[in-house]
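Here is a short report on one structure. Look at the sequence and the 3D view first, then read on.

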Amino acid sequence: MIDANFIQLKGLVEELSSVVENQQRQLNLQNDLINIQKFKFEKLEKSVTILEKQANINFYTNSND
């Protein structure tokens with residue numbers, strides 16, 4: 001009976017370990033996606049800043065005419 005319980009417990013531990021590994025992989029993928037989105041956002045932010053500067057230069061250049 002003890003052997004059967006031990007084998008059953010070992011099986012449950014292995015199953016739980018597998019679930020945890022899968023969740024860790026999913027978490028890592030989500031983290032990678034967040035980092036990609038962060039990079040894209042920072043790039044977009046830089047582009048917007050450049051466009052804002054260009055628009056301000058054009059505004060001041062045209063308003064002096």
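## The salt bridge

Lys-10 and Glu-14 are joined by a salt bridge, with their closest N and O atoms 3.9 Å apart. A salt bridge here is a side-chain nitrogen of Lys or Arg within 4 Å of a carboxyl oxygen of Asp or Glu. By this rule, the count is one salt bridge.

This is a predicted model: local features need pLDDT of at least 70, side-chain atom pairs count only at pLDDT 80 or more, and totals for chains, interfaces and linings use all residues. Residues are numbered from 1 along each chain as its sequence is written, and side-chain values use heavy atoms, leaving out hydrogens and water.

## Where the pair sits

Both Lys-10 and Glu-14 belong to helix α1, residues 2-63. They are four residues apart, about one turn of the helix. Helices (H or I, at least four residues) and strands (E, at least two) are DSSP runs, numbered from the N terminus.

How exposed is Lys-10? Lys-10 has a relative accessible area of 48%, so it is partly exposed. Glu-14 is also partly exposed, at 48%. The cut-offs are under 20% for buried and over 50% for exposed, with partly exposed in between (1.4 Å probe, protein chains only).

Now look along the chain. Ala-4 and Thr-49 are 45 residues apart, and their C-alpha atoms are separated by 67 Å.
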